[in-house]
Amino acid sequence: MGIQLTADQVLTMAPDSSSSAAGKKLANAKNWKNLGQSSEALWGECQGSALYQVRVELSSLSIQCSCPSRKLPCKHGLGLLLLAVNTPASVPTTEPPEWITAWLAKRATASKRKEAKVEAKESTSSEPTAAQKKTAEKRLSQVKLGIDRLDLWLSDIVRNGLGKLETQPAKFWESQKAQMEDAQAKGLANRVARMADIPNSSSDWPEKLLAHLGQLALLTQAFHRLDQLDPALQEDVRQLIGWSLKEDEVLVRGEKVTDNWLTLGQTTVDEDRGRSQRTWLLGTTSKRQALILQFAFAGAAFPEQHPIGIQQTADLVFWPGAYPHRAVLTTRRGEAGTITESLPGAETIEDFLEEVTTLLARQPWRDRFLCTLRNVTPYCTGDQWYIHDSTNKMLPLASEHWKLMALAGGMPVDFVGEWDGEALLPLGILTDRKYYAL
């Protein structure tokens with residue numbers, strides 16, 4: 001049947017523009033030897049300074065190459081995928097060589113080992129040891145002390161007035177952030193750091209800062225009354241404070257949802273010591289939103305590739321919480337295909353905002369939301385850009401988007417964006433049965 005991807009979708013996997021350009025140059029059969037594909041894999045050997053063996057597992061689009069490049073996927077992997085997509089006849093269906101069968105067997109063994117590890121954890125819910133209890137109690141004491149100090153700091157800000165924050169030096173925020181880190185409350189530290197950028201950032205900065213201060217105060221008060229909260233909301237509060245769950249714990253405790261998942265958008269952000277990546281998925285049957293969050297440090301690649309604009313049946317396991325949305329993809333089922341049908345989504349902006357309101361009523365600290373809107377039109381007036389629905393309601397876009405305007409051509413499209421409560425960051429659109437990443 002061949003690979004059900006487009007060249008544009010392959011290029012969304014490129015780590016940077018230079019890798020994308022180099023991959024395009026290699027998408028020519030003259031650069032390759034021993035090309036082939038099966039229902040499970042795609043492979044070939046590319047001549048560079050050495051003869052590099054390139055492998056692609058089709059269900060997960062995982063790429064492995066014997067080249068020394070630290071960029072993943074490398075230009076050889078991108079070139080092989082582009083070759084198979086653009087000229088499928090040049091990659092014959094054939095029996096895989098030994099180096100492919102051995103690689104697939106190794107991956108299957110690792111997958112089974114991971115499943116066995118999760119099953120073992122599910123069946124053995126042992127009590128924590130005395131040392132583990134002591135460590136947990138010590139941390140809880142540190143967090144409580146840190147939150148008490150944070151409450152005093154918040155009270156001082158309100159008592160002194162927000163106007164004084166205009167002239168506060170960076171140390172004012174950095175000192176409080178450091179105190180939260182010392183208290184092992186990393187989540188609170190991150191919230192303090194984000195607030196530091198708000199003063200003088202816009203004409204309405206006091207209103208924005210007050211909203212952030214209110215959310216932070218609500219979080220500390222929720223922690224003080226943790227035992228009175230619903231167990232699912234307790235999970236959220238603990239994670240927001242700084243008790244992170246490891247993936248193994250999520251696999252044991254989280255909710256598994258099998259669906260046909262649409263991969264709709266992706267953003268990458270530079271962090272202090274690396275990068276973070278947010279990938280948004282939407283289930284066609286469950287209508288569930290899912291956020292896959294990945295981190296990469298010291299120039300390393302992200303652990304998994306999630307090309308935009310594909311759909312695939314898969315198992316996702318969600319982090320426990322009052323309104324679970326962060327997830328880990330555990331099992332892919334069958335081949336990935338392109339998105340061509342209309343997207344599940346809200347018919348009007350008012351419908352979307354009602355969904356956000358319902359979600360915030362259950363989990364009030366969510367700061368980003370997947371927005372899928374059907375039959376909306378982008379337009380601009382002056383220097384402001386908007387999405388406009390059939391009822392003449394509008395939402396502002398985060399910045400100008402000429403590509404979005406050009407692809408829409410003045411006609412209604414199915415739109416995907418990331419909503420932060422103030423503006424939409426465009427992620428993709430579906431028009432003429434083709435999905436475009438923005």
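Predicted model: local features only at pLDDT ≥ 70, side-chain atom pairs only at ≥ 80, totals over all residues.
**Notebook: a hairpin pair and a helix crossing**

I started with the strands and found a hairpin that links β2 to β3 through three residues.

I looked up how the two strands pair. β2 covers residues 41–47, runs antiparallel to β3, and is joined to β3 by seven bridges. I picked W43 and checked its partner: R55 of β3.

Next I asked myself: what lies on from β3? Strand β4, residues 62–65, also pairs with β3; four bridges join the two, and they run antiparallel. Here I followed V54, whose bridge partner in β4 is C65. The hairpin of β3 and β4 has four residues between the strands, and in it I noted L61, with a positive phi near 55°.

Is β3 mostly buried or exposed? I checked residues 51–57: five of the seven are buried, so β3 is largely enclosed by the rest of the structure. Buried here means under 20% relative accessible area.

Then I moved to the helices. I took α5 (residues 130–160) and α8 (residues 205–224): their axes come within 10 Å and cross at roughly 145°. I put the crossing down as left-handed.

Which residues make the contact? From α5 I listed L140, V143, K144, I147, D148, L150, D151, L154 and I157. From α8 I listed L213, L216, A217, T220, Q221, F223 and H224. Sorting the residues of this α5–α8 contact by type, I got ten nonpolar, three polar and three charged.

Methods. Residues numbered from 1 in each chain as written. Heavy atoms only, no water. Axes fitted to C-alpha atoms, helices over the stretch in contact; angles between N-to-C directions. Left-handed = near helix turned anticlockwise from the far one by under 90°. Contact = heavy atoms within 4.5 Å. Nonpolar A, V, L, I, M, F, W, Y, C, P; charged D, E, K, R; others polar. Buried < 20%, exposed > 50% of the residue type's maximum accessible area, 1.4 Å probe, protein only. Pairing = 2+ DSSP bridges.
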